[in-house]
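Subject: Structure for you to look at

Dear colleague,

I am passing on the structure that we talked about, and below it I have written down what was found in it. Please keep the model open while you read, so that you can look up each place as it is mentioned.

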Amino acid sequence: MSHMETCTKVTKDWLNTMEYREKNFAREKLVINPAKACQPLGALLCSLGIEGCLPFVHGSQGCAAYFRSTLARHFREPVAAVSDSMTEDSAVFGGQNNFHEGLKNAYTVYKPQLIAVFTSCMAEVIGDDIKAYLGNAKKQGSIPNDFPVALANTPSFKGSHIMGYDSMLKGLIDCLGEPREEDKLNDRLYVVPGFDTYPSNLREYKRYLKIMGAPFTLIPDHSEVLDSPNLGTYELFPGGTPIQEMKESLNAKSYLCLQSYSTPATGKYLEGKGVPVETIPMPIGVGGTDRFIEAIAKFTGQDVPEEITRERGRAVDAMTDAHQYIHGKRFALFGDPDILIGVVSFLLEMGGEPVHIVCTNSTPAFKKAMEKLLASSPYGQGATLYPGKDLWHLRSLLVTEPVDMLIGDGHGKYAARDADIPLIRIGLPIYDRVNLHRYPIIGYNGVINLITMIVNTFLEEKDRNSTDTYFELMR
């Protein structure tokens with residue numbers, strides 16, 4: 001072994017020690033691979049879910065390319081968005097000229113029903129006033145005076161993608177929603193999925209709502225935009241929440257928000273307009289799905305249909321069939337607050353033991369909720385939540401306190417390989433596997449899908465590592 005190889009091996013070995021872990025956790029200013037993206041990415045996902053909406057990045061072209069490529073690689077779909085291509089000149093003199101010209105071109109060339117404007121770092125650092133810019137653009141005739149343009153300030157240097165999603169949704173409702181009037185209330189339940197990168201989840205929500213006979217609007221709804229059929233021609237605006245239902249959004253009978261941490265500003269805005277809002281945890285696992293079904297039943301005033309009761313029974317049967325493969329296994333997880341609450345709830349139902357839980361974009365409310373959830377189960381007693389930590393922290397945890405499986409998005413594959421454990425891919429982005437976004441993780445079918453992914457991965461590992469003597473047909 002050469003001197004260089006010896007040094008490399010010594011360094012690698014040291015990275016796996018408790019001594020290095022202590023130094024790693026002592027760092028304060030440096031962030032290494034945080035498990036989050038920036039605000040505009042969430043704003044883009046949100047705006048793609050509205051009928052005829054063209055997302056518009058007020059910022060540099062490189063930023064827009066990053067947001068588009070992230071979603072395009074994850075969904076394997078084209079992602080429509082435009083940018084007003086701010087450059088060094090804009091940083092000095094402001095981006096109003098870019099903004100006006102960009103709006104004019106976007107409106108003329110792509111003929112959207114609505115433009116959703118959100119900002120990147122450069123525009124926020126120099127303090128561009130996009131509301132004033134929009135007023136001036138309409139005065140100058142860049143776009144018609146009555147053309148709807150939704151606005152959201154989404155600085156990348158604070159918050160994360162879920163905050164950007166929230167700001168954009170609030171901006172869209174504020175732009176399109178007609179004032180709430182008691183004599184104009186509709187009978188619909190407006191269901192907000194939150195930052196969800198599973199079109200299959202959105203379809204499951206709609207399926208449950210239809211089975212239960214609830215008049216509803218899913219807001220926003222990207223399921224047809226980011227999982228569109230290949231019919232031989234490209235459609236720029238293939239679906240989304242109808243504009244008319246957006247106009248009626250403040251006259252909803254009530255709202256049901258399905259993620260506790262990705263739409264708080266929107267919920268507060270709606271309540272300020274007199275709209276009833278109920279927020280429940282993302283319906284992952286049997287308990288979470290039960291709560292979702294109960295919320296719909298409360299809205300309709302009807303009993304839960306037999307079809308759903310039987311579907312629940314199949315999920316419980318799948319849990320019974322497979323619990324022995326998950327019971328007692330140790331897990332590490334990372335991701336967004338809402339997914340983490342949901343997946344941890346599911347693991348506790350199955351007797352799995354969460355050990356390391358890393359949430360870069362944690363909040364005090366999430367920390368309190370997660371600790372309460374862990375305390376509620378005997379299987380949660382060995383878990384530690386690491387709020388604000390990143391994937392390099394997670395690597396130290398995996399190599400010093402080993403677990404059986406890591407759950408998180410594709411970025412976790414490097415730490416998982418270093419720790420020699422399997423990764424179950426959940427969240428965004430997933431670039432290195434196909435079709436996972438087409439399998440729901442919510443609802444009773446989501447329970448079965450999670451069991452299938454986790455248990456079959458464990459069984460595959462067992463087969464892969466078995467000697468001939470123990471290479472059994474029955475597992």
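A salt bridge is taken here to be a side-chain nitrogen of Lys or Arg within 4 Å of a carboxyl oxygen of Asp or Glu. Please bear in mind that this is a predicted model, in which local features need pLDDT of at least 70 and side-chain atom pairs count only at pLDDT 80 or more, while totals for chains, interfaces and linings use all residues. Residues are numbered from 1 along each chain as its sequence is written, and side-chain values use heavy atoms, with hydrogens and water left out.

Salt bridges

By this rule the count comes to 20 salt bridges. One of them joins Glu 278 to Lys 298, with 3.5 Å between the closest N and O atoms. This pair links distant parts of the chain, since Glu 278 belongs to strand S8 (residues 277–279) and Lys 298 to helix H13 (residues 285–300), 20 residues apart; helices (H or I, at least four residues) and strands (E, at least two) are DSSP runs, numbered from the N terminus. How exposed are the two partners, Glu 278 and Lys 298? Glu 278 is partly exposed, with a relative accessible area of 27%, whereas Lys 298 is exposed, with a value of 60%. Buried means under 20% relative accessible area, exposed over 50%, and partly exposed in between (1.4 Å probe, protein chains only).

Another salt bridge is formed by Arg 433 and Asp 432, whose closest N and O atoms are 3.6 Å apart. Arg 433 counts as partly exposed at 41% relative accessibility, and Asp 432 is partly exposed with a relative accessible area of 24%.

The side chains of Asp 463 and Arg 475 also meet in a salt bridge, at 2.9 Å from N to O. Asp 463 lies in helix H19 (residues 443–464) and Arg 475 in the segment after H19, so the pair ties together parts that are 12 residues apart in sequence. Asp 463 is partly exposed at 24% relative accessibility, and Arg 475 is partly exposed with a relative accessible area of 28%.

Two helices side by side

H13 and H19 pack at an angle of about 170°, and their axes are 9 Å apart. Axes are lines fitted to C-alpha atoms, for helices over the stretch in contact, and angles run from 0 to 180 degrees between N-to-C directions. The angle makes H13 roughly antiparallel to H19, a term used for angles over 145 degrees. On the H13 side the contact (heavy atoms within 4.5 Å) is made by Gly 285, Val 286, Thr 289, Asp 290 and Ile 293, and on the H19 side by Gly 443, Tyr 444 and Val 447.

The sheets

An open sheet of 4 strands has the order S2-S1-S3-S4, with parallel pairing, where two strands pair if DSSP finds at least two bridges between them. Its edge strands, S2 (82–83) and S4 (149–152), each pair on one side only. Within this sheet, S1 (residues 53–58) and S3 (residues 114–119) pair in the parallel sense over 6 bridges, and His 58 has Thr 119 in S3 as its bridge partner. Helix H6 (residues 96–110) lies across S1, S2 and S3, running at about 160° to S1. Helix H8 (residues 130–139) packs on the sheet as well, touching S1, S3 and S4, and its direction makes about 160° with that of S4.

Helix H3 (residues 39–47) is mostly covered, with 9 of its 9 residues buried. What covers them includes S1, helix H4 (61–75), S3 and helix H9 (161–176).

A further open sheet has 5 strands in the order S11-S10-S9-S12-S13, again with parallel pairing. Strands S11 (384–387) and S13 (423–425) stand at its edges, each with a single partner strand, so one side of each is left without a neighbour in the sheet. Within it, S9 (residues 330–334) and S12 (residues 405–408) run parallel and are joined by 3 bridges, and Leu 333 has Ile 407 in S12 as its bridge partner.

With best wishes

Note on methods: Parallel < 35°, antiparallel > 145°, perpendicular 65-115°, else oblique.
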